[in-house]
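Let's take a friendly walk through a protein model together. Keep the sequence beside you and look for the residues as they are named.

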Amino acid sequence: MGVEGRLADLRALTDETLSRLDVDELLVELLTRLREIIDVDTAAVLMLDRHTDELVARAACGIEEEVRQGVRIPLGRGFAGGIAASRQAVRLDRVDATTVTNPILWESGIQVMLGVPLLRGDAVLGVLHVGRLAKQPFTEQDIELLQVAADRIAGAAETQELALERVATSLIERSLLPARLPVCAGLSFATRYVAAESNNVGGDWYDLFTMPSGQLWIVVGDVAGHGLQSAIVMSRIRSALRAYTMLDASPAHVLDLVDKKVRHFEIGTFATVACATLDPPYDTMTLASAGHPPPVLCGPDGTARFAPLEISPPVGTSVGRQRRATTVPIDPGTTIAFYTDGLIERRGESLDVGLARLADAISTGAPNGVAADIMRALIGKSIPRDDIALVVMRRDGAEA
């Protein structure tokens, strides 16, 4: 088969039948086809772990032990590490301890190797390398063929990885939302959670739970950034915050403890969080905020106001500064809305406009109806560009 025929085969590496495979199955199938097309004995894909700057064996044919042993190659070291660092193809006419870092390669009897970087734009995703047991050197045509294969693999792998990441992020977020709302005498609740339609899923969440004493906690938060990593960090912050509430601490102290934990274990992470506690008979509410906008209260007379809350820096940014809590009275018939900024922020619009719109939309009605009114007034037919979390609570005692 001539070069053009082999190129045509390689361009077909991502045919429609592969779209139904998960990433690992996809890579194995691509490598299996690649071995036949380029006439090699081994083929492997190593993906770059950006947290450790190491190449991690992800899929292999002919040298499957690379994956089974969890091979990791530091960026810039050895054959594969050099390819990733230089972003250039590399040919090896001698495979031994002086030319490669991974002993599996020379112990397998590989005589010559060829590797190319997996690139998407300016980003290095990993390395694709192939090897032959015979001393048959690789040619410039082989490099061209392998780079075409690498481009196909990089595109297919990234597309599926992004799709899986979106699904995983959504599942994480939704699994961490309360399965059921607490039952508190004299209080009623409604919630809304809407994911962004931009596919940039973030780390918004809300939480409602009661302590053994009957104390109610309401939490809303938003981790900076988007994607799976933000959702994972969100889950850690939520779990830490729940654990610290068991210390019988105030909302302000709990936020200080979460801040300390994030600054030590999640360096570079920023999150806004608002916490509120109410003790039976729920006639007062104690609030603390880490960079989060204040809840809006609508009194029994229908007048809306924002809680007079001292807003401190977001979690992950405060060093040595203790937060302070605010306590506000909650009259019977009062409705309160907690929210994340996806509800009120609009590109090119002052935040005050969104806050005013929220104040106009809240009323003293039943929480589910109030939540529906707020979403209709602030979202309407617009496309959510950011996640939205909304919690509406009403202290009963006055007719809606």
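Is Arg323 buried or exposed? Arg323 is buried, with a relative accessible area of 6%. Here, buried means under 20% relative accessible area, exposed means over 50%, and partly exposed lies in between (1.4 Å probe, protein chains only). Before going on, note that this is a predicted model, in which local features need pLDDT of at least 70 and side-chain atom pairs count only at pLDDT 80 or more, while totals for chains, interfaces and linings use all residues. Residues are numbered from 1 along each chain as its sequence is written, and side-chain values use heavy atoms, leaving out hydrogens and water.

What does Arg323 meet? Its side chain forms a salt bridge with that of Asp259 (3.4 Å, N to O). A salt bridge is a side-chain nitrogen of Lys or Arg within 4 Å of a carboxyl oxygen of Asp or Glu. This pair links distant parts of the chain, 64 residues apart: Asp259 sits in helix α8, and Arg323 in the loop between β14 (311–312) and β15 (326–329). Helices (H or I, at least four residues) and strands (E, at least two) are DSSP runs, numbered from the N terminus. Asp259 is buried too, with a relative accessible area of 2%. Both residues belong to a network of salt bridges that also links Asp256 and Arg263.

The structure holds 17 salt bridges. Another one joins Arg236 and Glu266, whose closest N and O atoms are 3.1 Å apart. Because Arg236 lies in helix α7 (residues 228–245) and Glu266 in the loop between α8 (251–265) and β10 (271–278), the pair ties together parts that are 30 residues apart in sequence. Glu266 is buried at 7% relative accessible area, whereas Arg236 is partly exposed at 39%.

Now turn to the nonpolar residues. In soluble globular proteins, nonpolar side chains tend to be buried together. A nonpolar core is a set of buried Ala, Val, Leu, Ile, Met, Phe, Trp, Tyr and Cys residues joined through side-chain atoms within 4.5 Å. The largest one has 29 residues, and Leu31, Leu118 and Leu128 touch the most other members. Elements that each supply at least two of its residues include α2 (23–38), β1 (42–49) and α6 (140–176). The largest share, eight residues, comes from α6.

Which residues does Leu31 touch? Not counting residues up to four places away in sequence, its contacts (heavy atoms within 4.5 Å) include Ala43, Val45, Leu128 and Ile153.
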